[in-house]
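Please consult the sequence and the structure while reading.

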Amino acid sequence: MTALVELSAITKSFGGVHALRGADLTVMPGEVHALLGENGAGKSTLMRVLGGEFQPTSGEVRVGGEPVLFHGPRDAIARGITIIHQEMALAPDLSVAENIFLKDLPAGISWRTLKARARDLIRRLGFDINPGVLVGELSVAHQQVVEIAKALSREARVIVFDEPTAVLAARDADRLLDIITDLRRHGVGVVYISHRLEEVFRIADRMTVMKDGQVVDVVTPAQCDMDGVIRLMVGRPVNALFASRAGRKTGAEVLRVEKLNAGRRVRDVSFSVRAGEVVGLGGLVGSGRTEVARLIFGADARDSGHIYLDGKPLSVHKPGDAVAAGIGLVPEDRKGQGVILDLPIRVNATMAGMGAVTNRFGFIRRAAERATVTGLAKALRLKAASIDAPVSSLSGGNQQKVVLAKWFHAGGRVIILDEPTRGVDVGAKAEIYALIEELADKGCAVIVISSEHQELFGLCDRVLVMGEGEIRGELMPDAFSEENLLSVAISRTTSRTLAGAPAAA
């Protein structure tokens with residue numbers, strides 16, 4: 001069987017920097033081929049070569065067994081290669097149908113025919129989306145569907161998915177994986193790039209692992225388990241990403257919330273966190289975890305309930321009240337809520353504690369600002385050209401470090417982290433885990449919300465499990481397992497504590 005595409009001995013240099021060093025990749029018809037590696041491993045550069053954005057310094061690209069030289073993305077698209085980036089390339093003010101056929105609108109086609117063709121493509125993917133609606137009015141999941149329909153309209157034979165589920169809820173991610181499985185049945189070759197290894201093992205036929213611009217190995221899920229893949233990527237197994245909790249010391253209670261309520265989203269939530277303790281909030285998507293965090297931070301109004309800091313009642317009506325009291329929030333949507341992408345690192349890192357870098361008239365003391373942010377960047381091992389670089393120029397892991405730098409600088413007593421490693425590669429995860437451990441060592445009360453259960457179990461002293469806006473129970477370390485967490489999450493019986501063997505539902 002002839003391969004759909006073959007990349008052979010691809011090298012790519014930018015000045016003196018070697019981004020690719022003899023990388024190979026082969027995609028067969030009907031194959032889902034995962035491309036894995038840390039940020040900077042060379043995955044994106046290799047895909048830009050495949051997509052025609054970059055020409056290789058050396059090496060060969062073959063499509064259907066024929067050597068080709070792409071002069072731009074249009075050449076790649078013409079040969080049936082489409083890349084669906086994490087940041088989707090859609091026009092929000094145009095309709096679904098117009099977006100699908102934007103680059104190759106047939107001359108003289110009627111609006112009715114255009115919408116009918118768009119509807120057929122979308123239904124083939126198992127969705128019923130109005131082709132006349134504006135794309136900007138769609139959910140992120142439905143925008144993904146439009147991107148895939150656009151690729152199918154061009155009769156794509158190879159589709160590259162770059163972190164396609166990073167911003168999707170679990171149910172939408174499952175539907176996307178079902179679509180990819182259906183594409184495979186139709187003979188489409190899929191290159192799947194994701195940091196979510198559980199998804200990769202669910203759908204991939206083969207996995208190419210890259211490190212430092214080179215291919216480390218090509219394996220199948222039957223040949224190599226998740227720990228093995230992580231070891232190939234970063235040189236150590238998943239358990240080694242987390243520090244031991246054995247030496248962690250907890251102090252007095254720092255934060256206590258009692259009977260927090262906000263409609264049906266949060267119902268009678270009560271818990272406490274001690275100094276130096278890391279407490280997890282687990283549960284299914286939509287269980288109310290983020291809503292609880294936003295209530296504590298003052299981002300949303302609560303109907304009733306009380307918040308106590310160091311045993312004293314705390315009045316929190318807006319985020320400014322929380323920040324002034326020493327409560328920080330690393331939000332789930334770091335790009336929309338955690339940082340200002342177009343502003344420099346130095347501005348983002350100090351914005352939650354401006355008093356330390358301004359004079360009594362409110363003017364910024366530039367020398368103090370630079371010294372402070374340079375120290376933070378060094379402590380957090382931030383990889384950036386300079387502290388004057390815009391946050392948008394950083395990788396996802398380094399953007400997250402800037403958000404953490406903001407709260408390290410502010411020196412809060414309570415830090416809430418909502419999905420702290422979403423869209424972050426394994427190597428950067430290990431560094432972020434170390435920073436969370438450092439916050440706990442400094443005596444902060446830390447709350448971690450994560451949909452990655454292994455992350456909760458590796459970081460937390462205990463995990464509070466939520467379902468339908470309420471706390472359903474608590475897991476202690478000797479009961480940490482995905483089975484126990486899900487059992488408590490879907491149980492209608494509240495106030496279960498699992499330590500050791502699971503309790504009866």
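## A pair of helices

Helix α14 (residues 396-410) packs against helix α15 (residues 426-441) at an angle of about 10 degrees, and their axes are 10 Å apart. Axes are lines fitted to C-alpha atoms, for helices over the stretch in contact, and angles run from 0 to 180 degrees between N-to-C directions. The two helices α14 and α15 are therefore roughly parallel to each other (a term for angles under 35 degrees).

In this contact (heavy atoms within 4.5 Å), G397, Q400, K401, L404 and F408 of α14 meet A428, E431, I432, L435, E438 and L439 of α15.

## Basis of the model

The model is predicted: local features need pLDDT of at least 70, side-chain atom pairs count only at pLDDT 80 or more, and totals for chains, interfaces and linings use all residues. Residues are numbered from 1 along each chain as its sequence is written, and side-chain values use heavy atoms, with hydrogens and water left out. Helices (H or I, at least four residues) and strands (E, at least two) are DSSP runs, numbered from the N terminus.

## The open sheet

Six strands form an open sheet in the order β6-β7-β8-β3-β9-β10, with mixed pairing; two strands pair if DSSP finds at least two bridges between them. The edges are β6 (81-84) and β10 (214-219), each with a single partner strand, so one side of each has no neighbour in the sheet.

Strands β3 (residues 32-36) and β8 (residues 189-193) run parallel and are joined by three bridges. Within this pair, V32 stands opposite V190 in β8.

## Helices across the sheet

Helix α8 (residues 226-234) lies across β3, β9 and β10, at about 30 degrees to β9.

How values were computed:
Parallel < 35°, antiparallel > 145°, perpendicular 65-115°, else oblique.
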